[in-house]
Amino acid sequence: MMWLTWRQFRGQALAAACAMVVVAAYLAYLGGDIRDAHDAHQAICRDRADCARATSQFRGAYQNTLLFLAAGLALIPAVIGTFWGAPLLARELENGTHRLAWNQSVTRPRWLIGKVLFVGSAAVLVTGTASALLTWAARPFDEVVKEEFSTFVFGARGIVPIGYAALALALGTVAGLLLRRTLPAMAVTLVVFLAFQFFFPNVVRPALIPPERATLAMTATAINGARNLGGIGGGSVIGGVRIPDAPDAWIAGTSPLRTPDGRTLGGPEFNACLDSPPRTGAGGTFGDTAVCLAGHDLHIDVRYHPSSRYWAFQWLETAIYLALSGVLTAFAVRRIRRRVS
């Protein structure tokens with residue numbers, strides 16, 4: 001059984017092995033380069049002004065490259081589900097070759113489980129190796145930038161890519177079993193998995209652990225430390241704030257700007273400070289706008305997760321994805337035993 005599965009899968013396995021050699025060579029080079037730049041950053045980072053400038057240069061040199069690599073790694077599970085998982089059963093059922101296997105001594109569940117375990121082991125090996133290499137290469141950058149909770153970065157580091165690969169493969173297997181046509185199963189797998197990958201980090205992940213809560217006074221200094229004011233939908237919102245007691249925390253939710261009585265700052269007052277604030281000659285990112293808004297004695301309510309919870313989130317999310325892949329595989333075994341002829 002394993003020999004037959006290898007014969008059917010060897011082309012994809014060899015292609016993946018060749019791709020991993022190229023990826024490993026590049027990440028080894030990149031990791032060394034980042035470490036050299038990190039040593040130079042540490043040598044410069046002696047006082048606050050020099051450190052801020054050095055950190056900005058260090059971030060600018062590698063951020064786009066690492067984001068591109070993280071996005072590429074996020075696509076590996078999708079590719080596995082689409083090109084390995086969907087054809088795993090769909091091609092057999094479409095061509096009718098499953099009848100030959102079922103007329104041998106191998107039972108249907110054993111046939112399915114053997115194929116899933118073999119291809120699944122390869123999927124986990126490929127994804128886990130790529131994630132480990134990228135995590136190692138980017139470690140000095142992550143230690144300086146502290147953005148490990150951002151969507152792309154979190155999904156491309158640590159152990160969660162292994163869970164993604166397992167779920168994508170199981171999803172593709174079930175799609176192939178239900179649709180019995182290779183191309184439709186591939187399309188459905190890709191669309192459903194990418195939709196789930198968007199849904200889970202934005203809706204489920206922030207609620208996996210109850211967040212901490214804090215109220216932050218929006219002084220001119222605090223406003224100037226934010227990343228943006230306002231939003232596409234309008235409203236008195238502020239984004240990219242940091243918690244003084246936990247500067248590396250993941251901000252899971254931020255309220256609109258609120259007045260001392262808890263009322264949301266009205267649009268006219270906010271827009272007046274944003275568009276035509278009184279001239280004070282203040283410096284900083286938002287200058288006179290920050291001074292104008294601070295004059296309203298504002299605050300925001302924040303939900304956040306301390307950076308110490310990073311590995312708790314990694315393990316929880318991986319466990320959820322593995323459990324879902326187990327449920328899908330069990331469904332496939334039950335269906336192939338009773339309904340597929």
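Start with the largest nonpolar core, which has 38 residues; select Leu-66, Trp-84 and Leu-112, those with the most contacts inside it. Such a core is a set of buried Ala, Val, Leu, Ile, Met, Phe, Trp, Tyr and Cys residues joined through side-chain atoms within 4.5 Å, buried being under 20% relative accessible area with a 1.4 Å probe, protein chains only. Colour α4 (108–145) next: the largest share of this core, 14 residues, comes from there. (Helices are DSSP runs of H or I, at least four residues, and strands are E runs of at least two, numbered from the N terminus.)

A caveat: this is a predicted model, where local features need pLDDT of at least 70 and side-chain atom pairs count only at pLDDT 80 or more, while totals for chains, interfaces and linings use all residues. Residues are numbered from 1 along each chain as its sequence is written, and side-chain values use heavy atoms, with hydrogens and water left out.

Now zoom in on Leu-112. Beyond neighbours within four places in sequence, Leu-112 is in contact (heavy atoms within 4.5 Å) with Leu-89, Thr-173, Ala-332, Val-333 and Ile-336. Then pick out Ala-214, Ile-223, Val-241 and Ala-290, which are included in a second, separate core of 22 residues.

Next stop: Arg-157, in the loop between α5 (151–156) and α6 (160–179). Is Arg-157 buried or exposed? Arg-157 is buried, at a relative accessible area of 4%. Show Asp-142 too: among the residues that Arg-157 touches, not counting those up to four places away in sequence, are Asp-142, Ser-131, Tyr-310 and Gln-314.

Conventions: Buried means under 20% relative accessible area, exposed over 50%, partly exposed in between (1.4 Å probe, protein chains only).
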